[in-house]
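Thanks for coming. I will go through one model today, residue by residue where there is something to say.

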Amino acid sequence: MLSSQTSRTGPPSAAALCPLCGQNNQCAVAAGSDPSNCWCMTATLDTAAKQQAASMAGAQRCICAACGRPSIS
């Protein structure tokens with residue numbers, strides 16, 4: 001569930017929220033920064049989580065680090 005608190009600029013845009021959990025995805029692109037500054041450029045992301053997010057309706061959005069963390073099997 002999303003927090004009821006918002007920043008001074010208002011709630012984050014949908015592009016800044018993980019489509020899987022609704023938390024801030026800390027995406028550099030969504031924040032208006034260079035994509036090379038994004039945390040995901042150096043991370044290994046869970047394939048199933050990426051596929052789940054890609055299959056969801058709506059605009060393409062990035063998953064957060066917690067949802068993208070590869071599961072240990």
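**A buried aspartate, then the cysteines**

I start with Asp46, which is buried (under 20% relative accessible area, with exposed being over 50% and partly exposed in between, using a 1.4 Å probe and protein chains only). Asp46 has no salt bridge, meaning a side-chain nitrogen of Lys or Arg within 4 Å of a carboxyl oxygen of Asp or Glu. The nearest side chain of opposite charge is that of Lys50, 8.9 Å away; in this count Lys and Arg are positive, Asp and Glu are negative, and His and the chain ends are not counted.

Before going on, the ground rules. This is a predicted model, where local features need pLDDT of at least 70 and side-chain atom pairs count only at pLDDT 80 or more, while totals for chains, interfaces and linings use all residues. Residues are numbered from 1 along each chain as its sequence is written, and side-chain values use heavy atoms, with hydrogens and water left out.

Back to Asp46. What does its side chain have within reach? A polar atom of the Asp46 side chain lies 2.9 Å from the backbone nitrogen of Ala49. That is a polar contact: a pair of N or O atoms within 3.5 Å, where within protein one must be able to donate a hydrogen and the other to accept it, and residues adjacent in sequence count only if both atoms are side-chain atoms. Setting aside neighbours within four places in sequence, Asp46 is in contact (heavy atoms within 4.5 Å) with Cys67, Gly68, Arg69, Pro70 and Ser71. Asp46 itself sits in the segment before α1.

Now the overall picture. The protein chain has two helices and zero strands; these are DSSP runs, H or I of at least four residues for helices and E of at least two for strands, numbered from the N terminus. Of its 73 residues, 22% count as buried. Among contacts with a separation of 6 or more, 50% are between residues 24 or more positions apart. The chain exposes about 5,400 Å², of which carbon and sulfur atoms supply 53%; the areas come from the Shrake-Rupley method with a 1.4 Å probe, and for residues only the protein chains shown count as cover.

Next, the cysteines. How many disulfides does the structure hold? It holds zero, a disulfide being a pair of cysteine sulfur atoms within 2.5 Å. Cys62 is in no disulfide, and the nearest cysteine sulfur, that of Cys27, is 3.7 Å away. Is each of the two residues buried or partly exposed? Cys64 is buried, at 6% relative accessibility, whereas Cys62 is partly exposed at 34%.

Staying with Cys62: this residue is in the loop between α1 and α2 (65-68). Its C-alpha is 7.2 Å from that of Ala15, although the two are 47 residues apart in sequence. Beyond four places in sequence, Cys62 is in contact with Leu17, Cys18, Pro19, Asn25 and Cys27.

Asn25 is in the segment before α1 and is buried, with a relative accessible area of 1%. The Asn25 side chain reaches the backbone oxygen of Cys62 at 2.9 Å. Its contacts beyond four places in sequence include Ala15, Trp39, Ile63 and Cys64.

Trp39, also in the segment before α1, is partly exposed at 23% relative accessibility. The side chain of Trp39 reaches the backbone oxygen of Asn25 at 2.9 Å. Among the other residues Trp39 touches are Gln26, Cys27, Leu45 and Ala65. Trp39 and Cys64 are 25 residues apart in sequence, with 9.4 Å between their C-alpha atoms.

One backbone point on Gln26. Most residues other than glycine have a negative phi. Gln26 has a positive phi of about 55° although it is not a glycine. Gln26 lies in the segment before α1 (47-55) and is exposed, at 60% relative accessibility.

Last, Pro35. Pro35 is in the segment before α1 and counts as partly exposed at 39%.
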